[in-house]
Amino acid sequence: MKTLLLFSIFALAARAQTPTFEVASIRPNRSLEGMSSIHLSKGRVSMEKVSLKKVMLNAYGISDDREYMIEGPGWLTTEPFNIDATFPGDTPLPQVRQMMQTLLAERFKLVLHKETRQLPVYSLVIARNGLKIHPAEDGDGRTTGGPGRLEATRLTIQRLADLLAHSVGLPVVDSTGVRGVFDFTLQWSPDEAPKIAAADGNEAAGVAGPSIFTALQEQLGLKLISGKGPVEILVVDHIEKAPTEN
């Protein structure tokens, strides 16, 4: 009995130390209208029509471009929710993320673990003729563009690697060793088939513009090399589709 009492005390103490939201509301959103959005303001986080995978990425501080880092049931990307939660206005961002992790564990019964796996990856390296972009002054970075075009302002090479993963369909590891931020424009053919065919760096026939592999070398002085490498992922052991009641 004494052992059980001590265990209960420790469990309550651990729960008390776990950061939690003051108030949190979760509701399914299967509307065909509206876009997915996440807004973080002082003392409040509001997510509208957001998949649970995106919520998890946000909670664990993982870029949206690294969706491959979470392995779980397919519905994680197809079941959208609205989440509204409040917290003290002076709460630092890392603690807000811990609150979101707690919310996922308590309301969706999320259980996961980390694994490092050897997976197909691309390594981003400096091309033979050297880097063709020049450092910019430090400051807030931003990107704009569309299919086949990326305009970057004060972007790190690591962030570029994350963005490239979306276009090449595999994780991209920054192996350049280059630090700092850069301004540049990258343009390529957005066609999927030619990009895969041109993985050796040669431009595919019949493409209006260069493949992303060729564009990286010609325009930025960077190169993608295919191979395998260690990739850390979060593996979902258990998660429930319907959250507990608000």
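I began with a strand pair and found S25 opposite D84 in β5. The model is predicted, so I kept to its limits: local features need pLDDT of at least 70, side-chain atom pairs count only at pLDDT 80 or more, and totals for chains, interfaces and linings use all residues. Residues are numbered from 1 along each chain as its sequence is written, and side-chain values use heavy atoms, with hydrogens and water left out.

**Overall count**

I counted six helices and 11 strands in the protein. These are DSSP runs numbered from the N terminus, helices being H or I of at least four residues and strands E of at least two. Of the 246 residues, 39% are buried. Buried means under 20% relative accessible area, exposed over 50%, and partly exposed in between (1.4 Å probe, protein chains only). I also looked at contacts, meaning heavy atoms within 4.5 Å. Among those between residues at least 6 apart in sequence, 76% join residues at least 24 apart.

**Partners of β5**

Which strands pair with β5? β1 (23–28) pairs with β5 (80–86) in the antiparallel sense, over six bridges. β3 (44–51) also runs antiparallel to β5, joined by six bridges. There, V45 has A85 as its bridge partner. I take two strands as paired if DSSP finds at least two bridges between them.

**N29**

Next I looked up N29, in the loop between β1 and β2 (37–41). Is N29 buried or exposed? N29 is buried, with a relative accessible area of 10%. Its side chain reaches the backbone nitrogen of S31 at 3.0 Å. The N29 side chain also makes a polar contact with the side chain of N82, at 3.0 Å. A polar contact is a pair of N or O atoms within 3.5 Å; within protein, one must be able to donate a hydrogen and the other to accept it, and residues adjacent in sequence count only if both atoms are side-chain atoms. Leaving aside neighbours within four places in sequence, N29 is in contact with E48, K49, P80, F81 and N82.

**An open sheet and its helix**

I then traced an open, antiparallel sheet of three strands, ordered β7-β8-β10. β7 (142–146) and β10 (182–187) are the edges; each has a single partner strand, so one side of each lacks a neighbour in the sheet. The twist averages 5 degrees from one strand to the next. Five bridges link β8 (149–155) with β10, and E151 has T185 as its bridge partner in β10.

Helix α4 (157–168) lies across β7, β8 and β10, at about 155 degrees to β8. Axes are lines fitted to C-alpha atoms, for helices over the stretch in contact; angles run from 0 to 180 degrees between N-to-C directions. α4 also packs on α6 (212–220) at about 150 degrees, axes 11 Å apart. The contact is made by L160, L164, S167 and V168 of α4 with I212, F213, L216 and L220 of α6.

**Two cores**

Last, I checked the nonpolar cores: sets of buried Ala, Val, Leu, Ile, Met, Phe, Trp, Tyr and Cys residues joined through side-chain atoms within 4.5 Å. The largest has 30 residues, and F21, L52, V55, M100, L104 and I239 touch the most other members. β1, β3, α2 (52–59), β5, α3 (93–107) and β11 (222–238) each supply at least two of its residues. Apart from it lies another core of 26 residues, including Y122, L160, I212 and L220.
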